[in-house]
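Thanks for coming. I have one structure to go through today, so please look at it while I talk.

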Amino acid sequence: MREIVEKKVLSENDRLAGELRQRYREQNILCVNLISSPGSGKTALLERTLASFTPAHSVAVLTGDIQTDNDARRLSGYGFPVRQIVTGGTCHLDARMVNRHLNEMGFRGPGLLLVENVGNLVCPSSYDLGEAAKIVLLSVTEGEDKPLKYPGIFYRASLMILTKTDLLPHVEFNPELALENARKVHPEIEYIPLSSRTGEGFDKWLRWLNALQHKVQQAAAAINF
Amino acid sequence: MHEIGIASSILDCVAAEVQRRPGAGVIAVGVRIGELSNIDKDALDFAFEALTRDTPLEHLKLEVEWCPRRQRCIACAEEFSVHDLELACPRCGANHSTCIGGTELDIVYLELEEPCAKS
C-alpha cells in the first residue's frame, strides 16, 4: 500500500532557513554564503573585505571549519564580531548551526553578515542558510573545469569570484574558459576576478555587495507593504 | 560526503510519518533526487544501510528515482533534459532556457504493509 508523502528531504533545514530569512528581512541584514574548495581564498577575501570597512559599518562573520578556529583568529583583528563554527567533522554548515551561533553572537541588523562555509564544493550547496546569495570562489591555481565537475554549486551561486588573479602570469589558467564553463552550467552567473593580495577587483566586489543590499532592501520593502 | 546527513534526514522523516500511523509497518521509502543535488548513489546506499542496521527500520528499502536536469526554452517553451551540459534548445537552437528540474531532493512516498483486518 503506497502512501504519498511529498516532502522535502531537508524540510527541517528549509524551515529553519526560512526563519533566518525572515529575521534577516526584519532586521535588514544582508547575508551572503561563501563557498569554495579548501584553499581557494575565502578567508583571505574576507580579511581584505573587512579591512576595507570602517568601524561605522555593521558587519559580522560566521566562519565554518571542520576542526580548528584558525580562521576566526585570522579574522578577529579587524574590529568586527567574528565567530567560529567548528562543525566537528560535518562537511557543511546548516541552518541550525547558523541560527545557534547568530544567537550566541548577538548580532543584530541592520548590517552585513558574511558566512564562510566549510571548504567543500559539494555538500554546502544543498543546505539553505537563508542567505540572499551563494557566492562560489574559484582560484586560478585550480582547473578551469571545476564548474563542470561541480555543477550543483555553480548552478546555485549568483556570483563566481575568481581569486588569486595576481598569480595569473605564473600559472596556466584561462579565465575566459573558466567563465565559459561556469556559464554552461549557469548562463546568468555573475563574475568578478580579483586578488586579495593586491586588491585588484575589490572595488567591483564591494559594489556588487552594495547593489545586492539595495536589491534585498527593495524586495523587503515591497513585502512589508 | 553529505549522504549521511541526507540519509539521516530521510530516516527522520520516515520516523515522523510512522509515528503518525501507529502500528503501520513500513516496507520502503521512495525519494526523488535530481542530478544537481550532488548525491552519490553508492554513498547514499551505504549511509542508509549503516544508519538502519540494528534498528526497527533495518529492513526498510530505499527506492530512488534519479532525475536529470530539465530546462524550458525561453523562446519556444520546449522542455528538454540536459545531456553533457548542452543547454541549447534541441527544437529551436536558442541558448536561453530556465531550469525546471534536477534540484529535487524529495521524499515521495512510503510503502506500507497491508493493514491486517481487525478481529
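Some housekeeping before I go on. This is a predicted model, in which local features need pLDDT of at least 70, side-chain atom pairs count only at pLDDT 80 or more, and totals for chains, interfaces and linings use all residues. Residues are numbered from 1 along each chain as its sequence is written, while chains are lettered from A and ligands numbered from 1 in the order in which they are written.

Back to the helix. Helices here are DSSP runs of H or I with at least four residues, strands are runs of E with at least two, and both are numbered from the N terminus. Helix α2 of chain B covers residues 41–52. Its twelve residues should span 16 Å at 1.5 Å a residue, and the end C-alpha atoms are 17 Å apart, which agrees; the expected span is 1.5 Å times one less than the number of residues.

Which residues of α2(B) are buried? They are L44(B), A47(B) and F48(B). Buried means 20 or more other C-beta atoms within 10 Å of the residue's own, exposed means 12 or fewer, and partly exposed is in between, with C-beta atoms placed from the backbone. Seen down the axis of α2(B), the buried residues fall within an arc of 100 degrees, so they line one face; the arc is that of the directions from the helix axis to the C-beta atoms. An α-helix has 3.6 residues a turn, so residues three or four places apart point the same way. On the other side of α2(B), D42(B) and A50(B) are exposed.

The cover over those buried residues includes α1 (3–19) and β2 of chain B. L62(B) sits in β2, residues 61–67. Leaving out residues up to four places away in sequence, L62(B) touches V29(B), V31(B), D45(B) and F48(B), where contact means C-beta atoms, placed from the backbone, within 7 Å. L62(B) is partly exposed, because it has 18 other C-beta atoms within 10 Å.

Now the contact between the chains. Chain A puts in 24 residues and chain B 23 residues. On the chain A side, β1(A) gives the most, with seven residues. Five bridges join β1(A) to β6 (residues 105–112) of chain B, and the two run antiparallel; strands pair if DSSP finds at least two bridges between them.

Definitions and conventions: Two residues are in contact if their C-beta atoms, placed from the backbone, lie within 7 Å.
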